[in-house]
Amino acid sequence: MADSIPLSGATDLTPEDKHSRLFLEVMHEWIVTTDHKKIGLMYIAASLMFLAVGGIEVLLMRIQLAVPESKFLTPEHYNQLFTLHGTTMIFFVAMPILFGFANYMVPLMIGARDMAFPRLNAYSFWIFLFGALLLYFSLIGGKGIYGGSSVPDVGWFAYAPLTSKAFSHGNGSDYWALGIFITGIGTIGTALNIVVTTICMRCKGMKLSRMPLFVWLMLVTSMMAVAAIPPLSAAQIMLLIDRHLGGHFFDTQAGGSAVLWAHFFWIFGHPEVYILVMPAFGFMNEIIPVFSRKAIFGYPAMVAASVGIGFISFTVWAHHMFTVGMGAAANTAFVLSSMIIAVPTGIKIFNWLATMWGGKIQFTVPMLFCTAFLFQFTLAGLTGIMLAVAPFNWQLHNSYFVIAHFHYVIIGGILFALFGAFYYWFPKMTGRMMSETLGKWHFWLFVLGFHMTFDFMHIVGLLGMPREIYTYEPGNHWAIWNMIVTTGAFVQAVAIIVFLVNLVRSHFKGELAGNDPWDAWTLEWATTSPPPSYNFAEEPMVRSRRPLWDLKHPEDPDWKYEFETENEMTAHR
Amino acid sequence: MNSLATESVRSFGFPSLISPRLHIHMLIPMLSEALRGPDSSLFDRLFTSPDSIFAPRSAPAHEIFQLSMFVLIVTAAIFVTVAGLLLHVILRYRQRPGDDNHEPPQIYGSNQIELAWTVIPILIVFVLFLTSVRVIFSIQNAPEPKQALDVTVVGHQWWWEFRYPKYGIVTANELHVPVSNDPNQPMPTYLKLVSADVDHSFWVPRLAGKTDLMAGQVNDMWIQPEATGIYYGQCAQFCGLEHARMLIRVYAQTPADFQKWVANQEKPGVQDPSVAAGRAVFEHNACISCHTIKGTVAGGRFGPDLTHLMSRDTIAAGTLPNTRANLEKWVKDPDLYKPGCKMPAMKLSDQDVDHIVSYLVTLH
């Protein structure tokens, strides 16, 4: 592995005290830690655990749907499983794992020693974990253990009035509302923390215009989270008031409004999609340039597109509601906003292509995942355009086409980018490389399983199969597609197992990574792998967007070019 | 040419329904031709299956289909462009074993190029937006012609109630409407959608897009089936435990058949003295508090109207054939087939079940 020229003073050569410690001591250290890196790793570990749980849930569902009229699960259990699967994957896997990476990487990338509020950071993590465990406590809480009736079974968007006391007996909806509400507190805390960290904690010379794009995207994402989570939290409190204090916000039998809940939920829910995908864009922005051996193409355009998506994403929510009877004028408005958001997203794709253009692309495992992302996310964006066309949406809405579309976004896009990030930053986090061989097995198996599952899911949606049904009639030609989809799901499961094996094996036996195994350019590669608790012995100082490039290429540094463009702009002004 | 081609021709045999401004329908047979893989029957189904959104048989579904094909073609062109560029980049710019160790030239961006790939997509989405808007208004704001039939659809957990205010008819799960096969005299059916409990969604893919039945709100939609026959659909908004078993069947009939059906539905329930015992059991149990049989004391509205039960092909919201054997099993314990359904098992003796079912099967 290529060793880079160390950034002056970035690493401290004082040997660490390595006496062996008791297990309890280690546990204590992790539980009381306020170190952003440890907290980041705990986020990632907890998310991986919930990924396994959510994955097992969906495998059970896919067994049920593989053949028509299956008796494998009862309707009650099926409905509980898809509620748990959706809720788990969004709130306990996707969000915390992305915020986990941000927790680990943002301070390192901006040359800071920790987050702005380390104790808030620890609080956010533990309150998130508590919320998640509270939801899963419904399995055994209340009447749970006798019949599972305390497990929520209202779908992950929990449409009113199905959640009202009259239609949702037991405590399932309460567990859902409270569990997610509490998790939301943690998310808001972390998001605020990231915003303040990026605004206040950047090292010398790191102007906003020199921040790595991943940090930019996390800044936008965090601002979005601060604005998007509270509507959901408010709605959940209102729901609890309805259920326990006799309120009538969503209780349609007493004049409440079902559409109101839908508005609340999607005012959270659509920005949420971008809250999940923007960090993935961030991973792409870091990984693609390094393995194309080129600077990112159009940095200012990328920043502008990200901020643009951040704003526009708050205007598109009702494209989830084209069928609730909003009227032609309202539908038209949301078609327009949903179409427009495709433009900045397209700009990003083109800029990544231009970054690769003319480069020397090294197809390491992280780059493989990013390349697949480009294919799949393009497709996901295009099915998104189809869904934004309101009349087309009247047919596609709530069909398996929609399920296929958003899994293309979340798995084909976000999860692929996330796997790329794992292979890319694992050496920094542990000091060891992940196995490329196992990584390639993981990649190709996952590509195969992903396409088996989600390509054919589009077709069964076009053939009229609605979502959230526990079984279907044998007569309507859905069976063969469902069988393929189920098979694909198991192939994906195998790929995930390969990945987990790779993680564990590499942690103990992986090749030593050194500080900078990928010959990369951002600050996190200037310190040791894993970084010391204080990250950098001395505050780094940067003169451009790629400080390590400047060090490695003193004859052609970035800062010269950036200085010139800035001067040019000033001259124009 | 095989069955697919004839299907496609049939789909476009209604010139009045196709906007003269959109001639993309010429492309569809080509596209479907292209989609056909080695096992063409699988892909044929996309355009012929009785549930497919790409096999429209009703004016609003046709309009949506036209628009969908246009959108599909545009998005396919975009995908081919992007994927082509990506493939080119992967093949052309991958690092090769013999390459020198020099970094490639660093290019930081270009305002002209950025402008190009901002403006061109804006133009594309603007075209897509305008075509969408035309169809949105054309379907959602279509004026209701005088001759149109009005039906009120009430969504229940987990079955459909259809009320015909003009005729005073109430039926369940199987919607009968007149066919509209004369282009000069369209005969649409306007559906007023309400819910008795939670949200549902009325979706019969070949007839129209879906519209939700929102609790506490009145929505509407219209269908205009152009060929006689049965059209299948089901509830498309998760509505609780038995959401999966809430199917819709729409029977499009010739005006004469439809009037015959109406005339029969308007009659009170058949009173056959030979099954008086069954009627007595029915009327002396809680059956009457949920079910209506016109002309008897049974006047409940919580469950399906049974006045003409035997005029329906199915029971249990379109999921079971309406046979004597199925009725017996159903009356005995509805939970066996549809766990959690709102009809309780009445704990009747086998003899009483037999009596009741004997009575029910006379209700033509």
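**Figure 1. Antiparallel pairing of strands E9 and E10 in chain B of the predicted model.** Six bridges join E9(B) to strand E10 (residues 247-253) of chain B in the antiparallel sense; two strands pair if DSSP finds at least two bridges between them. Within E10(B), Leu247(B) is the bridge partner of Gln234(B). Helices (H or I, at least four residues) and strands (E, at least two) are DSSP runs, numbered from the N terminus. The structure is a predicted model, in which local features need pLDDT of at least 70 and side-chain atom pairs count only at pLDDT 80 or more, while totals for chains, interfaces and linings use all residues. Residues are numbered from 1 along each chain as its sequence is written, chains are lettered from A, and ligands are numbered from 1 in the order in which they are written.

Figure 2. The open sheet has the strand order E4-E10-E9 (chain B), with mixed pairing. Strand E4 (174-178) and strand E9 (229-234) of chain B are the edge strands, each pairing on one side only. From one strand to the next, the twist averages 25 degrees. Helix H6 (residues 255-266) of chain B packs on this sheet and touches E4 and E10 of chain B; the direction of the helix makes about 130 degrees with that of E4(B). Axes are lines fitted to C-alpha atoms, for helices over the stretch in contact, and angles run from 0 to 180 degrees between N-to-C directions.

**Figure 3. The five-stranded sheet of chain B.** Strands in the order E3-E2-E1-E5-E8 (chain B) form an open sheet of mixed pairing. Strand E3 (169-172) and strand E8 (219-223) of chain B stand at the edges with a single partner strand each, so one side of each has no neighbour in the sheet. Direction ignored, neighbouring strands of this sheet are turned by 25 degrees against each other on average. Strand E5 (residues 189-195) of chain B pairs with E8(B) in the antiparallel sense over five bridges, and Ile223(B) in E8(B) is the bridge partner of Thr189(B).

**Figure 4. Domains 2 and 3 of chain B.** An automatic or database domain assignment divides chain B into domain 1 (3-140), domain 2 (149-266) and domain 3 (273-360). Taken over C-alpha atoms, the centres of domain 2 and domain 3 of chain B are separated by 23 Å. In chain B, 19 residues of domain 2 are in contact with 16 residues of domain 3, contact requiring that C-beta atoms, placed from the backbone, lie within 7 Å. Strand E2 (159-164), E3, E10 and H6 of chain B each give two or more residues to the side of domain 2 that touches domain 3.

**Figure 5. The side of chain B that touches chain A.** Here 77 residues of chain B are in contact with 75 residues of chain A. Helix H3 (40-48), helix H4 (59-92), helix H5 (111-140) and strand E7 (211-213) of chain B each supply at least two residues of this side of chain B. The largest share, 16 residues, comes from H5(B). By class, the side of chain B that touches chain A comprises 43 nonpolar, 22 polar and twelve charged residues; Ala, Val, Leu, Ile, Met, Phe, Trp, Tyr, Cys and Pro count as nonpolar, Asp, Glu, Lys and Arg as charged, and the others, Gly among them, as polar.

Definitions and conventions: Contact = placed C-beta atoms within 7 Å.
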